[in-house]
Amino acid sequence: MSEKQCNRRIFLMGAAATTLVGCATTRQPSLSRAGYKSPNEKLNVAGIGCGGKGGSDIQGCKSENIVALCDADWRRGAGSFREFPNANKYKDFRVMLDKEKSIDAVTVSTPDHIHAVAAMAAIKRGIHVYCQKPLTHSVYEARMLAEAAEEYGVATQMGNQGHSGEGVRQLCEIIWSGAIGDVHEIHSWTNRPIWPQGISEPLPEEEIPEEIDWDLWLGPAPYRPFNSGYAPFNWRGWWDFGTGSLGDMACHILDPPNWSMHLSTVAPTSIECISQEKRNTQTYPTKAILKFEFPKRGKMPPLTLYWYDGGIMPPRPEGVPEDEPLGDSDGRNGSIFIGDNGIATTGTYGGGTRLLPKSAMDDFVMPDKTIPRSIGHYEEWIQACKGGAPSPGNFSYAGPMTEWILLGNLALYVNGKVTWDSKSMTYSTDATISPPYREGWSL
């Protein structure tokens with residue numbers, strides 16, 4: 001690999017590049033390590049990140065044994081600590097994974113910048129992993145987690161709940177039946193951010209609350225003084241911690257396009273920032289429009305996908321009345337599929353799948369159900385952990401999708417067009433927006 005190619009990979013991998021070379025070890029599937037778990041035997045589950053979404057993820061697994069809980073901010077974890085008083089409590093997931101030898105599976109529901117290091121620490125121990133969306137903070141981490149999950153033979157799932165829903169399956173069946181013809185163009189949008197972005201300077205130092213270990217909360221991110229504008233929630237808007245509107249919502253909203261159009265089987269050849277507002281190097285912009293170009297996929301023609309955030313709406317398709325909602329019933333999030341013979345739309349989680357305009361649904365009969373229906377989002381993963389079929393949203397699916405979605409953030413950073421070669425993981429800019437991991441943190 002040339003020096004230029006190596007430099008271009010820094011965005012994707014940060015300092016992990018040097019620590020990952022030659023680090024592969026003998027495959028050690030969790031079922032072999034922990035002993036086979038029959039469908040009627042309970043898993044020993046631990047939670048990494050217990051507040052907010054982490055709390056609901058642990059609730060989703062409460063049919064199993066919740067044996068340990070970890071959160072660097074015990075204010076956020078308090079609810080889960082009360083709900084599961086017999087679970088051992090930790091602030092450092094590395095300590096928890098070393099001490100709790102009985103853990104079969106973990107949920108990872110931390111800020112984005114912790115996802116990969118926590119998930120990889122579990123995978124390397126042969127522990128099954130459920131990880132919130134977006135799967136990782138950077139493209140390279142997504143590739144590494146997908147490869148590691150396969151190497152170690154663990155059951156995995158990303159937390160994009162809509163992938164287990166009815167609407168995304170209906171959308172796929174409509175597209176695959178040819179009901180709207182070949183799709184050449186998709187427009188997807190969100191009302192996010194609903195947290196501060198467009199902030200160009202670090203926030204002033206504040207006193208660290210007693211319940212939070214700020215150094216552990218920062219993890220691999222560069223050190224900066226505590227401010228309540230970072231934690232517990234507004235981290236999403238900061239480059240060091242979150243992935244902005246795209247990372248927060250695209251793994252939901254772009255899942256129907258990804259699945260129906262087979263976008264995980266290829267990679268976009270180019271990603272372009274069409275426009276953005278309040279661009280800076282501390283936080284994501286307040287509004288943006290991105291353009292992804294995908295090549296032909298099997299019999300499907302090349303595709304252009306547009307992403308709009310900050311409340312920007314796509315052009316209304318011709319023939320759709322102004323008072324007819326697009327996407328969700330409130331119109332704030334969704335996707336439009338422009339086909340040669342018709343138009344389809346779907347909402348945030350694939351819900352409300354229908355043809356446009358609504359009059360097109362008068363005589364329309366939904367195609368036959370050709371995709372197996374879900375037994376439940378968390379149940380799919382739990383059964384996979386016990387030796388059942390892989391979860392449809394496992395890392396072999398979620399990893400490639402996260403890769404191409406997060407390439408959009410690279411285009412935001414360089415404020416222009418980026419070409420991408422997935423096989424060699426090289427791209428057409430030397431921008432580096434992923435800082436090296438701090439000492440003590442790595443994949």
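## Helix H14

Helix H14 (377-385) is largely enclosed by the rest of the structure, because 7 of its 9 residues are buried. Buried stands for under 20% relative accessible area, exposed for over 50%, and partly exposed for values in between, with a 1.4 Å probe and protein chains only. The buried residues of H14 are His377, Tyr378, Glu380, Trp381, Ile382, Ala384 and Cys385. Glycine 387 follows H14 and has a positive phi, near 100 degrees. Helices (H or I, at least four residues) and strands (E, at least two) are DSSP runs, numbered from the N terminus.

## Basis of the model

The model is predicted: local features need pLDDT of at least 70 and side-chain atom pairs count only at pLDDT 80 or more, while totals for chains, interfaces and linings use all residues. Residues are numbered from 1 along each chain as its sequence is written, and side-chain values use heavy atoms, with hydrogens and water left out.

## Salt bridges

Side chains of opposite charge can pair when their charged atoms come close. The structure holds 17 salt bridges, each defined as a side-chain nitrogen of Lys or Arg within 4 Å of a carboxyl oxygen of Asp or Glu. In one of them, lysine 386 pairs with glutamate 64, and the closest N and O atoms are 3.1 Å apart. This pair links distant parts of the chain, 322 residues apart: lysine 386 is in the loop between H14 and helix H15 (395-414), and glutamate 64 is in the loop between H5 and strand S2 (65-70). Lysine 386 and glutamate 64 are both buried.

Glutamate 166 and lysine 369 form another salt bridge, at 3.9 Å from N to O. Here too distant parts of the chain are linked, with glutamate 166 in helix H10 (residues 166-177) and lysine 369 in the loop between strand S13 (354-356) and H14, 203 residues apart. Glutamate 166 is partly exposed at 31% relative accessible area, and lysine 369 is exposed at 62%. Salt bridges that share partners also join Lys133, Arg192, Arg236 and Asp248 into one network.

Within helix H5 (residues 53-59), aspartate 57 and lysine 53 are 4 residues apart, which means a separation of about one helical turn. Their side chains meet in a salt bridge of 3.2 Å, N to O. Aspartate 57 is buried, with a relative accessible area of 0%, whereas lysine 53 is partly exposed at 35%.

## Aromatic pairs and charges over rings

A pair of aromatic rings is described by the distance of the centres and the angle of the planes. The whole structure has 16 aromatic pairs. Rings of Phe, Tyr and Trp (its six-membered ring) pair if their centres lie within 6.5 Å; planes under 30 degrees apart count as stacked, over 60 as edge-to-face and the rest as tilted. The pair of phenylalanine 93 and tryptophan 441 is tilted, because the ring centres are 6.0 Å apart and the planes stand at 55 degrees. Phenylalanine 93 is in helix H7 (residues 93-99) and tryptophan 441 is in the segment after strand S15 (426-427), so this pair ties together parts 348 residues apart in sequence. Phenylalanine 93 is buried at 6% relative accessibility, and tryptophan 441 is buried at 8%.

The ring of tryptophan 441 also has the charged end of arginine 94 over it, 3.8 Å from the ring centre. The charged end of lysine 89 sits over the ring of phenylalanine 81, 5.2 Å from its centre. The criterion is that NZ of Lys or CZ of Arg is within 6 Å of the ring centre and within 35 degrees of the ring normal. One aromatic cluster is formed by Trp214, Trp217, Phe226, Tyr230, Trp238 and Phe241.

## Packing of H12 and H15

Helix H12 (residues 244-253) packs against H15 at an angle of about 145 degrees, and the axes are 10 Å apart. Axes are lines fitted to C-alpha atoms, for helices over the stretch in contact, and angles run from 0 to 180 degrees between N-to-C directions. H12 contributes Leu246, Gly247, Ala250 and Cys251 to the contact, and H15 contributes Met401, Thr402, Ile405, Leu406, Gly408 and Asn409. Contact means heavy atoms within 4.5 Å.

## Aspartate 71

Aspartate 71 lies in the loop between S2 and helix H6 (74-83) and is buried, with a relative accessible area of 11%. Not counting residues up to four places away in sequence, aspartate 71 touches Gly49, Cys50, Gly51, Arg76, Gly77, Tyr90 and Lys91.
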